Amino acid sequence: MSVPDYMQCAEDHQTVLVVVQPMGIVPEDQFFRIYKRISSVSQVSIRDSQRVLFIRYRHHYPPENNEWGDFQTHRKVVGLISVTSCNTAKEWPQTSDRFHGQKEVFGSTLYDSRLLVFGLQGEVAEQQRTDVAFYPSYDDCPHVEKRVEDFVESIFIVLESKRLDRATDKSGDKLQLLCVPFEKKDFVGLDTDSRHYKKRCQGRMRKHVGDLCLQAGMLQDALVHYHMAVELLRSVNDFLWLGAALEGLCSASVIFHYPGGTSGKSGARKPGVSSAADAGKRHRPGAQEVLIDPGALTTNAISADTSTEIGRAKNCLSQEDIIEKYKEAISNYGKYKSAGVIELEACIKAVRVLAIQKRAMEASEFLQNAVYINLGQLSEEEKIQRYSVLSELYQLIGFHRKSAFFKRVAAMQCVAPTIPEPGWKACYKLLLETLPGYSLSLDPKDFSKGTHRGWAAVQLRLLHELVYASRRMGNPGLSVRHLSFLLQTMLDFLSDQEKKEVTQSLENYTSKCPGGMEVISLPDGLKLPPVPFTKLPIFSLCFIVFSEHIETKCVCVLKWSNSPKNKNYFQWVQGDVCEVQLMVYNPMPFELRVENMGLLTSGVDFESLPAALSLPAESGLYPVTLVGVPRTAGNITINGYHTSVFGVSSDCLLEGLVGVKSSGCMVEVVPSLPRLQLCTSLPRSAHLSSEDLSTSVSLQLFNGETQQLTITLENIGTEMLNTLELTSKTLSTKEKLFGEFLTWDLQDALSHLPLKSGQSVSIPVNISAKLDFSGQENLLHDLNDDGISVTGLPVSSPLRQVLKPRAENKPVGTDASKNEFNHVKTLEAVLTFKYSGGAGEVEGYYRELSLGVRVDVEPSVFFTRVSTLPATSTRQCHLLLDVFNSTEHELTLSAKNNQDLVLHASECQRYMHTHTHTHSLTQTPPSSVRCIAVCLAD
């Protein structure tokens, strides 16, 4: 026997074999439809009996395997059902002859046969025949199952008669020697009268009767015959048949212990009546094999009445002993080169039993033995089947990686060089089935959960084989998907050279078939999910940036991995360009070109404006700004971004990114508002350190100087500007400020409202710097020349300098004196424009635009000495001031009703001012001093 049946299981010893074959031209789909109905009759309860006959159907069976029917009766074809089409009465004689010819193939072993004819009607079809059934068509064929049941009952009648004939054989010393095909030539010339020969015949016949009893539903009788056969065959060292008797004993015990079967099929066997009745006769594990009374044997060792033996024998093996007997049987088979198929099938049966017993390690030993069994020259198809079954058995016992290994070997066998037409589709299908064994799935989401599982080197090779197989199948789309999956999930395990090779291959494939985000459906129903390139480039951080925000002025920053999905954080404006900044980096050892990069959103209509960028090799964090325009008002959710890399388009959702806990950020889009652009007559400067501003200006003024700043506001939006407000805020300062720092007149600007798109308006702002550079006020010294006390003189003037005694003063013109008066003071303020218009104004929204103003104030003049002299009138006095010019410019000092005084750079002069007072000198109003103005000379 050269063709193994890899689907064999222990309970098959209980079945009778029926072959169902098409005859002539029969449509394949129609044949298998009828075959399915026939094979549904897998067991039949015999009428007027408590026994059940089990049937095993095959639509193809090698005739050479039938020659081993005496060795194990379940291998013998005892029934034949032929299916044929016959349309006219003229075709019937030829059809009938063909049926008789088909029966001759298995004629020596057939118990009965049937012919099912489809399509023939008329006189011929009306004939009543037991072996032929006529049906009008394949669709109109009632009672097929009933005819099969009648056919099975006829087989049982023949089986039962043969069992009784063998069990009651009265041939005496002329007992037939049952042989397997390769033994016939070895027994030529043997002494048939020897005791050794007779025992061999008796043992083999006992074993044969045990097979018939098992098929006929007499389990206990079969156990007794197997036990006795084992003793007889062991005594004559008939190892091949001893193995068969031990295997029969194991099969009967398995049927006893596991009435549901060991095949693992979804439709479990229904336990027979006799098996259920025997369930109460189980024996404790470790019981002796058998206790046989020598007197129970007849002359030829075949006793017609086995009731006494059944009562005295401990018939059924324990679950542990079943495996030991299987080992012994397989060991005996291994002594015969021609029994390789029998040995292999016995290993498979033992593995199925061990799988039910959950003894995986022992099962793996049987499978390891099965791998090395030499079956001679096998066809490529037989090799594929062998490796596939080994894979399924390893899967059955939980050896998933070992299962995947043999499945992959079977896949490679499908495209072996010796095959004229390699089966790349079958290879691809088998390779897909190996993925779970190597801890691989085709869903990239499974690789973002925790650490990597499995052997990366093996996984890489398997993925490369999938790419190659799909290419040879002529499906470049599959190649792109698998290569994209490899690059996305195995990037960390690729060397620099491998990264270059894989990306080059991917670009070659995508030049013919670009990759996308669609789900690929395979013919067998498997669906390949899309593979977004979330690692090309790798996303690290995200910022949502607003250059001009609503209601608040600040630039808003969001780290998506830490923030909830909350719409209250940000607001966008309908029709405005909105920005999102990503921080990405390139992990590849070469420049990465990213094209068509834009935002993925849901909610309101959003126009994404794609960007393209080139990231240097292993770039580190690199900022990328993505922009877009919301076209309607409402809520918008930023779900991620899309890219195109190496010809593969990817939609990278936030929920699929490593380390990102949020599935998106919701932003409120408010109705459209006008948008102003601010320009000033002064150049821009760095922003104030303590404020977030739209823009800033800075300038330098001398103390007491005033300069005008012109601010131009241009409406660069599409909505008209209807309202405009201007406020200022002086930032906290320790300096004492006199008068208004910033002043403006907004009436002229408001008269130009509403301001249409493209129009502008100017607002002049006066900047005045009046600070106190006097120093410590409580150190006023006696400053009069003639001894008149001036301690009551108001000295809060911003131009006053505290004096030391004249004798202790340093020369005024020296460098030390100059540096003493040259320190600079700073003033800072913020101008805020609040404006609105359009649909947003109706909803109560407005924008804010801010301008920072920084003024560095330098001292101009100092009064180093103050004294008074009496005038001619008692209502007047002369105020003497020593004035020092601390600037590098020429100054003109003027007062009311007095002549101007010109001071050169770093020059000190005395200035006299006549003052008229009402009461006394001590009540001189402060304004009499503050009225002094300083003018800078060019």
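In which sense do S2 and strand S3 pair, and over how many bridges? S2 and strand S3 (residues 52–58) are antiparallel, and three bridges join them.

1. Basis of the note. This is a predicted model, in which local features need pLDDT of at least 70, side-chain atom pairs count only at pLDDT 80 or more, and totals for chains, interfaces and linings use all residues. Residues are numbered from 1 along each chain as its sequence is written, and side-chain values use heavy atoms, with hydrogens and water left out.

2. The sheet. Six strands make up an open sheet of mixed pairing, ordered S2-S3-S1-S4-S5-S6. Strands are DSSP runs of E of at least two residues, and helices are runs of H or I of at least four, numbered from the N terminus; two strands pair if DSSP finds at least two bridges between them. From one strand to the next the twist averages 20°.

3. Helix H1 (residues 28–39) lies across strand S1 (15–23), S3, strand S4 (77–85) and strand S5 (112–118), and runs at about 160° to S1. Contact here means heavy atoms within 4.5 Å. Axes are lines fitted to C-alpha atoms, for helices over the stretch in contact, and angles run from 0 to 180 degrees between N-to-C directions.

4. Helix H5. The 21 residues of H5 reach 30 Å from the first C-alpha to the last, close to the 30 Å expected at 1.5 Å a residue; the expected span is 1.5 Å times one less than the number of residues. H5 is mostly covered, with 17 of its 21 residues buried. Buried means under 20% relative accessible area, exposed over 50%, and partly exposed in between (1.4 Å probe, protein chains only). Just after H5, Gly217 adopts a positive phi of about 85°.

5. The whole structure contains 30 salt bridges, each a side-chain nitrogen of Lys or Arg within 4 Å of a carboxyl oxygen of Asp or Glu. One of them joins Arg204 to Asp238, with the closest N and O atoms 2.7 Å apart. Because Arg204 belongs to helix H5 (residues 195–215) and Asp238 to the loop between helix H6 (219–235) and helix H7 (239–257), the pair ties together parts 34 residues apart in sequence. Arg204 is buried at a relative accessible area of 0%, and Asp238 is buried at 1%.

6. Two further salt bridges. Glu433 and Lys429 form a salt bridge of 2.8 Å, N to O. Both residues lie in helix H15 (residues 424–434), four residues apart, or about one turn of the helix. Glu433 is partly exposed at 34%, as is Lys429 at 40%. Asp856 and Arg854 meet at 3.6 Å, N to O; Asp856 is buried at 19%, whereas Arg854 is partly exposed at 32%. Elsewhere, shared partners link Glu183, Arg200, Arg204 and Asp238 into one salt-bridge network.

7. Cysteines. The structure has zero disulfides, a disulfide being a pair of cysteine sulfur atoms within 2.5 Å. For Cys179, the nearest cysteine sulfur is that of Cys201, 8.1 Å away. Cys179 is buried, with a relative accessible area of 16%, and Cys316 is buried at 11%.
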